[in-house]
Amino acid sequence: MDSFLGEHGEVLIYGVIGLTVILLISFICENKWKEMTPDYKTKISKNSESFRKQNKDRYPIIEVDEIIYVEYQTKNFNFRDFIKAKDYLGRDISDEVKVYGKIDAFRRGIYQLRCVVMSENQLASTKYINVIVE
């Protein structure tokens with residue numbers, strides 16, 4: 001036992017001191033943790049009115065890969081199949097996405113599309129997509 005304490009006694013003492021400091025800080029800051037915790041962590045339902053009020057100014061989200069590969073001379077390619085959009089409540093608004101740019105699947109190259117969607121609260125998001133025809 002003496003050899004164990006001789007080799008590891010200092011580490012044990014520092015461990016006990018560290019644990020004591022952590023417990024002391026936790027005891028002192030017990031009420032402050034509740035004040036520092038954000039309100040959204042205490043909310044159970046995302047459908048609550050406070051959630052809607054907090055998130056009404058959030059922008060819609062466009063979900064699409066930044067690069068889409070298309071096989072050369074594909075006749076039935078529809079880039080809208082790759083584009084999804086959601087508003088701040090998570091509702092699907094993919095039909096409201098406006099796409100600017102053209103793709104010629106019978107000509108090899110890189111084409112850029114600009115996708116824009118506007119939510120019901122008049123906030124817009126833009127995403128650029130590169131379509132590679134090879």
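Analyst: Thr74 lies in the loop between S2 and strand S3 (84-86), in what is a predicted model. Thr74 counts as partly exposed because its relative accessible area is 21%, and the limit for a buried residue is under 20%. Along the chain, Thr74 and Phe106 are 32 residues apart, yet 7.3 Å separates their C-alpha atoms.

Most residues other than glycine have a negative phi. With a relative accessibility of 45%, Gln73 is partly exposed.

A further member of the loop between S2 and S3 is Phe79. Leaving out residues up to four places away in sequence, Phe79 touches Val99, Ile103 and Leu113. For Leu113, which is 34 residues from Phe79 along the chain, the C-alpha separation from Phe79 is 9.5 Å.

Aromatic rings also pair in this part of the chain. The count comes to 1 aromatic pair.

Ile83 leads from here to the nonpolar core. Apart from its neighbours within four places in sequence, Ile83 is in contact with Ile62, Glu63, Val64, Ser94, Val97, Val99, Cys115 and Ile129. The largest nonpolar core has 16 residues, and those touching the most other members are Ile83, Val97, Cys115, Ile129 and Val131. Two or more residues of this core come from each of strand S2 (67-70), strand S5 (109-118) and strand S6 (124-133). S5 supplies the largest share, 4 residues.

Side chains of opposite charge can pair when their charged atoms come close. The structure holds 2 salt bridges. In one of them, Asp87 is joined to Arg91, with 2.8 Å between the closest N and O atoms. Asp87 counts as buried because its relative accessibility is 8%, whereas Arg91 is partly exposed at 38%. Arg91 also meets Glu120 in a salt bridge, at 3.2 Å from N to O. This second pair links distant parts of the chain, with Arg91 in the loop between S3 and strand S4 (98-100) and Glu120 in the loop between S5 and S6, 29 residues apart. Glu120 is exposed, with a relative accessible area of 57%. Through their shared partners, the salt bridges join Asp87, Arg91 and Glu120 into one network.

The loop between S5 and S6 is also the place of Gln122. Gln122 has a positive phi, near 65°, in a residue other than glycine. Its relative accessible area is 56%, and Gln122 is therefore exposed.

As for the chain around this part, it contains 3 helices and 6 strands, arranged along the sequence as α-α-α-β-β-β-β-β-β. Of the contacts between residues at least 6 apart in sequence, 48% join residues at least 24 apart. Buried residues account for 21% of the 134 residues in the chain. The chain exposes about 10,900 Å², of which carbon and sulfur atoms supply 54%.

A nonpolar patch on the surface is made up of Ile13, Tyr14, Ile17, Val21 and Ile25, with about 490 Å² of accessible area together. One of these residues, Ile25, is placed in helix H1 (residues 2-28). Ile25 is partly exposed, as its relative accessible area is 44%.

Definitions and conventions: Residues are numbered from 1 along each chain as its sequence is written. This is a predicted model: local features need pLDDT of at least 70, side-chain atom pairs count only at pLDDT 80 or more; totals for chains, interfaces and linings use all residues. Side-chain values use heavy atoms; hydrogens and water are left out. A nonpolar core is a set of buried Ala, Val, Leu, Ile, Met, Phe, Trp, Tyr and Cys residues joined through side-chain atoms within 4.5 Å. Buried means under 20% relative accessible area, exposed over 50%, partly exposed in between (1.4 Å probe, protein chains only). Contact means heavy atoms within 4.5 Å. Patches are made of residues with over 30% relative accessible area and no salt bridge: like charges are joined within 9 Å, nonpolar side chains (Val, Leu, Ile, Met, Phe, Trp, Tyr) within 5 Å. Accessible areas come from the Shrake-Rupley method with a 1.4 Å probe; for residues, only the protein chains shown count as cover. A salt bridge is a side-chain nitrogen of Lys or Arg within 4 Å of a carboxyl oxygen of Asp or Glu. Rings of Phe, Tyr and Trp (its six-membered ring) pair if their centres lie within 6.5 Å; planes under 30 degrees apart count as stacked, over 60 as edge-to-face and the rest as tilted.
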